[in-house]
Amino acid sequence: MLDDFLVRAVLAGFGLSIATGPLGAFVVWRRMAYFGDATAHAAILGVALALIFSLPISLGTLIVALAMAGAISLMMAQGQSPDSGLGVLSFGALATGLVAISFVPKVRVDLSAYLFGDILTVTRSDLLLIWGGAGLIAVVIAWRWSKLLLSTLSADLAAASGVKPHRESLVITVSIALVVAVSLKVVGALLVSAMLIIPATAARRVSSSPVQMVLAAVMVSWVASGAGLWASLRLDTPAGPSIIVAAALIFVLTTGYRTIRTPSA
Amino acid sequence: MTLIEAKDLTVRHGAQLVLDRVNISVAPGEIVTIVGPNGSGKTSLLRALLGLTPSKGKVTRNAGLVVGYVPQKLALDPTLPLPVRSFLNLPTSHTSQQIADMLDRVGVPGIETRQVADLSGGQLQRVLLARALLETPDILILDEPTQGLDQMGEAGFYRLIEDVRRDTGVAVLMVSHDLHVVMSASDRVICLNGHICCEGKPHVVQNAPEYRALFGHGTQGALALYQHAHDHDHDCGHDHGHDHHHAHDTATDEVEHAG
């Protein structure tokens, strides 16, 4: 069954969703959308470095994504404006990566595969990596759930209860770097944060508790993965972007549902 | 025996000296209220005791001290759906029965499924208090807990605090500038203006010249309960009178508005 490329693609999308659902909810709650973007852009630099030094691609992206996440956290801890600073780091890393890839000798690099993903070529070892990484993130978030949630709600309330909000921020930051590394193959560097933001935002419209929102986000991701792959097959569209389009359409649907249910809002 | 104690606590915000060598301690079961004009460092003192703000000096907490913190307000992000029940289960989970009993205790029964974002100011304060109490704290630390409540709500909230103290023996350290209501609920009042101007029993502080210098005489009527004239001790204040003139004016205005 795993021989079928389509089955592997669906499994890759489903696997990634168990991480992007809960993590995406935290990214939305903590307003870290741009943070996710910057970390993902840095992954292109990671790809370039991995190709140059003959390292596994996912290892290269993980290291650079972690470095990027660390740099942003440091910058924000020093109280600099995250907005423009993130822009500099984000596009600086993306452009440096694109330039660096052009130096890679004798390798014909399919750049668009890294920018937009290549879910239809997912291998068994890719699947292992995706499910391993995504499963790890889901387990860590479930394990630290109430600490993460309390720190997100109010760093002061968390600290007064003996929870260290900085440590919980670090958990989220590292998870974002990890999800970037494992999702590069599925949706690509430019669309990773879409996979975090869109399902969680769509889920917000139909959820009345944090747990509900996380579960709904996972389900939106699943439906979007399935629908996107189906559309990609039927209409011969690029798979990664099709998944994001499907997620965006679900967002429109849930927004409409919310508007109908609460006409005054 | 003290639950929490600070020695020579000094807090700076940039170049500005907010708290200057403040000594404070709270004993088990005691209700201590910090009063002072705006910008006198009340909130900074609480935050320093809680370890939320960098400070110099020494803060000693009893080993295993459980603190119930009730902040001034809670800024909820609209992207986060949060029913009261979920909020009360942070950071530790409680049974539905415990939560129902506690909501009943603080006077907002049956609101488990309401969204925290939809609560009124008074309901939110009681839910914040319920969350703190569910952790069975040794000390409650409340930062202007009645901000945004009307006078009835204020009085009711402080009565609730007194009742909780009576029932559970929890110590209470709170900050307020609602002088009259708070004072009747306190065992000890600390008058703060960057340093401790004076402290003692409510009626003592109320008659202290240092307190009068900060708050004027506008509260006399409201404090009639404590008219045991001139039994304050004169040791309680130390160097006062530097920039009190300005503070005096603002404080008087406030009291008049509040009254």
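Helices here are DSSP runs of H or I with at least four residues, strands are E runs of at least two, and both are numbered from the N terminus. This is a predicted model, in which local features need pLDDT of at least 70 and side-chain atom pairs count only at pLDDT 80 or more, while totals for chains, interfaces and linings use all residues. Residues are numbered from 1 along each chain as its sequence is written, and chains are lettered from A and ligands numbered from 1 in the order in which they are written.

Helix 6 of chain A covers residues 124–143, 20 residues in total. From first C-alpha to last it reaches 28 Å, close to the 28 Å expected at 1.5 Å a residue. That expected span is 1.5 Å times one less than the number of residues. Its buried residues are A:D126, A:I130, A:G133, A:A134, A:I137, A:A138 and A:I141. Seen down the axis of helix 6 of chain A, they fall within an arc of 130°, so they line one face. The arc is taken from the directions between the helix axis and the C-beta atoms. The face turned away from the buried side carries exposed residues, among them A:R124, A:L128 and A:W143. Buried means 20 or more other C-beta atoms within 10 Å of a residue's own, exposed means 12 or fewer, and partly exposed lies in between; C-beta atoms are placed from the backbone.

Chain B has 9 helices and 9 strands. Of its 259 residues, 45% are buried. Strand 3 of chain B (residues 31–35) is mostly covered, with 5 of its 5 residues buried. B:I31, B:T33 and B:V35 point one way, and B:V32 and B:I34 the other. Strand 8 of chain B has 4 of its 5 residues buried, so it is largely enclosed by the rest of the structure.

Two strands pair if DSSP finds at least two bridges between them.

| Strands of chain B | Sense | Bridges | Residues opposite each other |
|---|---|---|---|
| Strand 3 and strand 7 (residues 171–176) | parallel | 5 bridges | B:I31 and B:V172 |
| Strand 3 and strand 8 (residues 188–192) | parallel | 4 bridges | B:V32 and B:R188 |
| Strand 8 and strand 9 (residues 196–200) | antiparallel | 4 bridges | B:L192 and B:I196 |

Strands 8 and 9 of chain B form a hairpin with 3 residues between them. In the turn, B:G194 has a positive phi of about 85°.

B:C191 is in contact with B:V35, B:C197 and B:L214, among others, leaving aside neighbours within four places in sequence. Contact means C-beta atoms, placed from the backbone, within 7 Å. B:C191 is also one of the residues that touch the most other members of the largest nonpolar core, which has 163 residues. A nonpolar core is a set of buried Ala, Val, Leu, Ile, Met, Phe, Trp, Tyr and Cys residues joined through C-beta atoms within 7 Å. Helix 1 of chain A gives this core its largest share, 12 residues.

The chains also meet: 18 residues of chain B are in contact with 20 residues of chain A.

Conventions:
Contact = placed C-beta atoms within 7 Å.
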